[in-house]
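Here are a few exercises to work through with the model open beside you. Try each task before you read its solution.

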Amino acid sequence: MIKAVTFFVIYEIEKAQLAALMYDRPQLAEELGRVSHDRVSSLHHLSIASKDGPGNDSQSSAERVRHIFGVSV
């Protein structure tokens, strides 16, 4: 069970829809990569590190996002 500390809203975007958004707006992969990197770094500081660890920069995170969605720059 996941319990929220504050109110939040979750939106589900399917992979194909997100890929189309990234195709139309390539900088979205950069933004998602930065947010992902910041989140991993934050979790690492809370001793909940991912297997990738915080050492990866947001650029490589953006590359992984592009790869997952099959979007190239």
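Asp38 has a relative accessible area of 41%, so it is partly exposed (buried means under 20% relative accessible area, exposed over 50%, and partly exposed in between, with a 1.4 Å probe and protein chains only). This is a predicted model, in which local features need pLDDT of at least 70, side-chain atom pairs count only at pLDDT 80 or more, and totals for chains, interfaces and linings use all residues. Residues are numbered from 1 along each chain as its sequence is written, and side-chain values use heavy atoms, with hydrogens and water left out.

**Exercise 1.** Find the residue that forms a salt bridge with Asp38, and say where both lie.

*Solution.* 
- Apply the rule: a salt bridge is a side-chain nitrogen of Lys or Arg within 4 Å of a carboxyl oxygen of Asp or Glu.
- The partner is Arg34, with the closest N and O atoms 3.9 Å apart.
- Both residues belong to helix 2 (residues 27-45), four residues apart, about one turn of the helix. Helices are DSSP runs of H or I with at least four residues, numbered from the N terminus.
- An α-helix has 3.6 residues a turn, so residues three or four places apart point the same way.
- Arg34 counts as partly exposed because its relative accessibility is 42%.

**Exercise 2.** How many salt bridges does the rule give, and which residue pairs with Glu31?

*Solution.* 
- The count comes to two salt bridges.
- Glu31 pairs with Arg25, their closest N and O atoms being 2.8 Å apart.
- Glu31, at 30% relative accessibility, is partly exposed. Arg25 is also partly exposed, at 37%.

**Exercise 3.** Decide how the buried residues of helix 1 are arranged around its axis.

*Solution.* 
- Start with the list: Leu18, Ala19 and Met22 are the buried residues of helix 1.
- They cover an arc of only 105 degrees around the axis, so they sit on the same side of helix 1. The arc is that of the directions from the helix axis to the C-beta atoms.
- Now turn to the face pointing away from that buried side: here helix 1 carries the exposed residues Ala16, Tyr23 and Asp24.

**Exercise 4.** Is Ser72 buried or exposed, and where is it found?

*Solution.* 
- Ser72 is in the segment after helix 3 (58-69).
- Its relative accessibility is 65%, so Ser72 counts as exposed.
- Finally, check a distance: the C-alpha atoms of Ser72 and Pro26 are 8.1 Å apart, although 46 residues separate them along the chain.

Key. Helix = DSSP H or I, 4+ residues; strand = E, 2+ residues; numbered from the N terminus.
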